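Hi there,

Here is the structure I promised to hand over. Have a look at it first, and then read on for what turned up.

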Amino acid sequence: MDNSTDSLITARLLATTRYTAVFNALLFALSAQRGGAWSAVQLALAAVLLYCHIRIHFDRRVFQDFADNRYSPEDFDQSLQQNGLRQISGSRTLTQRINGALFLWRKSLYLTAAQFLILLIQSI
């Protein structure tokens with residue numbers, strides 16, 4: 001597989017978070033209806049998940065751009081550095097970038113599971 005294929009597959013996988021985002025909103029709404037101390041935990045989880053979903057959506061679009069050869073990872077890094085969005089200590093490989101995006105994707109799934117478990121606890 002080449003970099004374009006890897007980038008496209010990663011972008012497609014990251015696109016699945018739109019479904020978990022809807023599920024997260026539903027879980028938060030159901031938890032808020034029940035009230036109590038667990039609702040505060042759900043609010044914190046919802047804030048973290050919102051950040052994760054924003055980052056994953058951004059990463060998905062970047063990987064799609066890599067796949068479409070709109071710009072290279074090096075161009076992307078240079079733009080981030082020039083705009084003060086990131087201090088880059090060195091160039092990362094595409095595999096490292098994919099692993100980072102998938103780590104965030106998995107983290108959002110674990111947080112979703114935690115959100116679901118809290119709702120179950122509230123229901124008891």
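Which residues lie nearest the centre of the largest pocket? This is a predicted model, and in it they are Arg-55, Asp-59, Phe-76, Arg-86 and Arg-92, out of 14 residues that line the pocket. The volume of this pocket is about 320 Å³. Helices H3, H4 (73-82) and H5 (94-123) each give two or more residues to the lining, and the largest share, six residues, comes from H3. By type, the lining has eight nonpolar residues, one polar and five charged.

Next comes the second largest pocket, with a volume of about 160 Å³. Among the residues lining it are Asn-3, Ser-4, Ser-7, Phe-66, Tyr-71 and Arg-92. Here H1 (3-14) and H4 are the elements that give two or more residues, with H1 giving the largest share, three. This lining divides into four nonpolar, six polar and two charged residues.

Now follow H3 (residues 37-67) to its partner H2 (residues 17-34): the two helices pack at an angle of about 165 degrees, and their axes are 10 Å apart. Angles over 145 degrees count as roughly antiparallel, so H2 is roughly antiparallel to H3. Their crossing is left-handed. On the H2 side, the contact includes Thr-17, Asn-24, Leu-27 and Phe-28, while H3 brings residues including Trp-38, Leu-43, His-53 and Ile-56. Nine of the contact residues are nonpolar and seven are polar, with no charged ones.

Enjoy exploring it!

Best wishes

Definitions and conventions. Residues numbered from 1 in each chain as written. Predicted model: local features only at pLDDT ≥ 70, side-chain atom pairs only at ≥ 80, totals over all residues. Heavy atoms only, no water. Axes fitted to C-alpha atoms, helices over the stretch in contact; angles between N-to-C directions. Helix = DSSP H or I, 4+ residues; strand = E, 2+ residues; numbered from the N terminus. Parallel < 35°, antiparallel > 145°, perpendicular 65-115°, else oblique. Left-handed = near helix turned anticlockwise from the far one by under 90°. Contact = heavy atoms within 4.5 Å. Nonpolar A, V, L, I, M, F, W, Y, C, P; charged D, E, K, R; others polar. 1 Å grid on protein atoms, 1.4 Å probe; cavity = no way out; pocket = protein on both sides within 12 Å on 5 of 7 lines; lining within 4 Å. Points joined across faces, edges and corners; volume = space filled by probe spheres on them.
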